[in-house]
Structure formats: C-alpha cells, structure tokens
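Hi,

Here is the model I promised to pass on.

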Amino acid sequence: MLTLTLNGQRHCLNHLPADTTALSLLRGHLGACGTKEGCASGDCGACTIAIGTRHDSGDLHYHSANACILPAHQLHGCHVLTVEGLPRGEHLHPVQQALVDHHGSQCGFCTPGIVMSLFCLDHDRRRRGMNGPPDDDTIDATLGGNLCRCTGYRAIRDAARAMHTLPCPVMDDPAELPETAMAGGFHRPENRHALIEILTQHPQARLIAGGTDLMLEHTLALKPLPELIDLSAIGELRHIDEQADGWWIGAGVTYHRLAPLLADHYPAFHALLERLGSLQIRYRATLAGNLANASPIGDTPPVLMALGARLRLNGAQGMRELPIDDFFTGYRCTALAEGEYLDAIYLPRLRDGEQLLAWKVSKRRDDDISAVMLALRAVTGHDGRLNNVRVACGGMAATSQRARHAEAALEGRVFDGDVLANACKAIAEDFSPIDDVRASRDYRLAAMAGLLARARYRLTSRHDAIPMTLEEI
Ligand SMILES: Cc1cc2nc3c(=O)[nH]c(=O)nc-3n(C[C@H](O)[C@H](O)[C@H](O)COP(=O)(O)OP(=O)(O)OC[C@H]3O[C@@H](n4cnc5c(N)ncnc54)[C@H](O)[C@@H]3O)c2cc1C
Ligand code: FES
Ligand code: FES
C-alpha cells in the first residue's frame, strides 16, 4: 500500500504498478490536474511538485521534483504539495500573487511548475528567517529546470524578487504517516542485507535510485518496468564516510547532498554539478546512478576517472573494489555482475598542489547533456612541469575514457604552446569521435583542443596559444 498526504489530505492506494509515475498518480488517480505534463522526460518542469520530508527539528523541508519521471511509490510517507494546495480560500499564496502582480504568466502551461519551484525557494527562505529578496543566481538556479516559452523570464524573475514582501499563510502541518511495508513489484529494502536478498530472489528486477535516467525508459521509450528495487530507503547507502585520504560516497547520496563536499574540496567538480540537469534532478539523482547508467556523455565519469576514484560493488558473493578505469566495459555496459550493485564511490582527496579541472560543452547552459567533457588532474611542480597527470574525456568514444596519449604528451612537461599542440594531436590519437545529433566529429575534436588550451591557461595563466585549427590537429 502506498500512503501519502497530498495537499494535507491523506491517501492510501493499493495495487499501483511499480512503474506508475507520480504525475499519473496525481492526475489519473487523485484528480489533481493542476500539475501539467509537458515533455514526460524531466526537461520542461511543467510537472514540478514539492515534496516535504520531516527533519530532526520537526520542520517540513520541501524540495522540487519532476513528477513525470518520479516513481509514485517513492512518495510513500511523503507530504506532497501541488499548485492546488497553495491558496487559502480566496487568497493566493504569495508566490502566485507575485506572479499575477508582475505578469509572470501568459498561456499558463508552465505556471504550476514555476509556482512550485518558487514555492520551495520561498518556503526555505522563510523557514531560515531570510528576509530580503533572493539574489539573481539563486533565482536562476531555482528556475533552471522550468521552461517558459511565452512569458519570458524577466517578469517571472521580478515575481521571484517580490514574493517575500507578501504575507504568507501558515501552511498546514500534516499528521505523520505510518511506515507500512509496500507490496507488489516495487521493492523497498531498508538495509543492504535485504537488498541483496531481493536482488537474489528477483534477478529480473531493475534497480532504481533517483529514477532520472531509468524512468525515461518507461515514459519516453514506453517500456514497462514491472519490477523495481528502490535504493532510496536504505539508510546505509546514504552515508558520506570521511577517511584520511578521501570520502566514500554511498550509492543513495543525492547530488544535492554531495554538493557541499564538492564545493569545499573540488570546486571544479562543484561548478560542473551546478550544470548537471536542474535543481529538480539534483534533488533526487545520484552519482551511482550516473555511473551505473554508463552513458558515454554522463558528466561525472570523466571527473571520477581524472580523480582516480574507486568503486565498491556488493552482492551475494560479497564486496569487491574496482578502479573506475575498469568499470565501463563497452557502450552502456559495466563490470557489475548479475545480482551485484554499486554500493559506494571513493573520491580521493586532492593532495597539496594538485588541481582538478572539469568542463562540459553543451548547447544550453542549464539542464542539458554534454556534447563533450574534459577532466584533468595534475600537479604543477616548482620547475613548472606537470606531474601525476590524468586526463579523461566524455562524448569522444563509446564510454568515458582516459586519454592516455594526451597524458603522456603532458606528463613531466612545462605546459607551453608546443606541449599544448602535442596534447591536441595526442587527443586525436586517443579518440575517433562520431558525428551525432549533439555534435560532429570535427566539432568534438576542435572543442577538445579549446578545452586543453583553457586547461593550459588555468594551470599556467598563459593564454597566448590559441586553439589549433582542425587541419593542424
Ligand atoms: C532533465 C534531465 C537532465 C539531465 N541532465 C544530465 C546532465 O546534465 N548530465 C548527466 O550526466 N546526466 C544528466 N541526466 C541523467 C541523470 O539525471 C543522471 O545520469 C543521474 O545521475 C542518474 O542518477 P539516478 O539516481 O536518477 O539514476 P537512476 O535513473 O535511478 O538509475 C540509472 C541506472 O543505473 C542503475 N542504478 C542506479 N543505482 C544503481 C546502483 N547503486 N547500483 C547498480 N545500478 C544502479 C539503474 O538500474 C539504471 O539502469 C539528466 C536527466 C534528466 C531527466
Ligand atoms: S513534464 Fe516536462 S519535466 Fe515533467
Ligand atoms: S506562460 Fe506559456 S509557457 Fe510559460
């Protein structure tokens, strides 16, 4: 049985198929049609809802999520708010009123999603006692996953700046929900032991963490997912364990929870993370899901390869560790054996003087998959030479991959113009990229040369060597 509260009202539902989305639960089963479906793929934000979870302080914290790709069963025990739940009688919620006052809605299709994204921001700021308007970066990050095709963002941003000036009704504090076990094809183990048992008993079931890749197989490719094993209720997988020389990141840690660690220790990785999907995606998706998905254009594998990350795999046969370089075995294939899952990822701490650089090239700044990615880790010695160089690329081959020739062209060398030219040639030996919808082969090689020139600038402050022409590579 799935139990949740929607806009303060409790609902218990039986016999929902495992792959039911939160959007079809809301619109089809609960008649809450204010939440819209635009793309069914997490891209447009029209389906954004607010999910409340109770924290130790007793407060409800809300985060935004894309209902179209969220498995309904992951809402078990949650407090869900949709646009219908915000007004009090005749009075609109301040977010809605600000959008009216500032003409922030035209056709209105995107509006329920924009309202819910801004509601999460407004609720969080009021909870923390923040009085002034949010700054532009915060507004942009909040709305990075909400597309509006007709109003334009000027009016919507004006509303976001004004919402704090309006009085906020006290939001209902819904009663706690019982934690009942769920039946059917949606398995929700609560510890590793139960997970391994279920994996053994149901070898055909698919693992699901945030669902931000997996659910698209259902919503876009229309593939049924009759048996799912959910990792999101396993407390043991939500740990970040600090060690002397790095951190084990559990497979259930979302990007949102990982962000502060990256900001403190890997600023380039953190900057990249801010461009991975949208806030709605980062609230639910995991690093482990990005790796297990094994897409050649996933953002994090090149960074983890440049860092020299290790992976912990677990299953009925026990735990084992693997360097990330050995994890991807082919296009969308990994070293995970049947009945095994990815348990945790080890991020080694950067040593003194070591720098990590990472950039993605995509058509849009926000909420877009990369055409190519470059990640590079190196230390520059007192003599100006690069040491311990690791270079990895995405979008250049069937898997993310180390660029061994480029590493050899850089290792032990002063990063001057000639070394840059050699590294660009070496990258063309490392990879023979394909033409596809995201970029042509030539574009990919040229972009990579540009990223290497940027790396030189970052590591040496020299920008006199401009990227090479394709003929020169
Ligand atoms: C709108 C949108 C924008 C996106 N933008 C980006 C982007 O900019 N960059 C990017 O790289 N990706 C992007 N993605 C893809 C996706 O968000 C990421 O790959 C994310 O990290 C997947 O994590 P998840 O927890 O949601 O994985 P899920 O969807 O839950 O799982 C993905 C796959 O991994 C398997 N799996 C999950 N966890 C484990 C585990 N612990 N062990 C074994 N197998 C496991 C699942 O069975 C499934 O096959 C985007 C997706 C959407 C919908
Ligand atoms: S319908 Fe577009 S993000 Fe969900
Ligand atoms: S108001 Fe029409 S898409 Fe935003």
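Before the rest, some housekeeping. This is a predicted model, so local features need pLDDT of at least 70 and side-chain atom pairs count only at pLDDT 80 or more, while totals for chains, interfaces and linings use all residues. Residues are numbered from 1 along each chain as its sequence is written, chains are lettered from A and ligands numbered from 1 in the order in which they are written, and side-chain values use heavy atoms, with hydrogens and water left out.

Gln243 and Gly246 belong to a pairing between strand 9 and strand 10 (residues 246–250), which run antiparallel and are joined by four bridges. Helices (H or I, at least four residues) and strands (E, at least two) are DSSP runs, numbered from the N terminus, and two strands pair if DSSP finds at least two bridges between them.

Contact here means heavy atoms within 4.5 Å.

**The three-stranded sheet and Arg192**

Helix 6 also lies across strand 6, strand 7 and strand 8, at about 170° to strand 8. Those strands make an open sheet in the order 6-8-7, with parallel pairing. Strand 6 (186–187) and strand 7 (206–208) are the edge strands, each pairing on one side only. Strand 6 pairs with strand 8 (residues 228–230) over two bridges in the parallel sense, and His187 stands opposite Ile229 of strand 8.

Arg192 is a residue of helix 6. Leaving aside neighbours within four places in sequence, its contacts include Ile234, Glu236, Arg312, Tyr341 and Asp343. With Asp343 there is a side-chain to side-chain polar contact at 2.8 Å. (A polar contact is a pair of N or O atoms within 3.5 Å; within protein, one must be able to donate a hydrogen and the other to accept it, and residues adjacent in sequence count only if both atoms are side-chain atoms.)

**Ligand 1**

Ligand 1 is surrounded by 36 residues, of which the closest are Leu207, Thr212, Asp213, Tyr255 and Thr286; a residue is near a molecule or strand if one of its heavy atoms lies within 4 Å of it. A side-chain N or O atom of Asp213 is 2.4 Å from an oxygen atom of the ligand. For Asn290, a polar side-chain atom lies 2.7 Å from a ligand oxygen atom. Asp299 uses a polar backbone atom, 2.7 Å from an oxygen atom of ligand 1.

**Helix pairs**

The axes of helix 4 (residues 136–143) and helix 5 (residues 153–162) come within 11 Å and cross at roughly 115°. Their contact residues divide into four nonpolar, no polar and four charged. Ala, Val, Leu, Ile, Met, Phe, Trp, Tyr, Cys and Pro count as nonpolar, Asp, Glu, Lys and Arg as charged, and the others, Gly among them, as polar.

Helix 14 (residues 417–430) and helix 15 (residues 441–460) pack at about 145°, with axes 10 Å apart. Here the contact residues divide into ten nonpolar, one polar and one charged.

Cheers

Methods
Axes fitted to C-alpha atoms, helices over the stretch in contact; angles between N-to-C directions.
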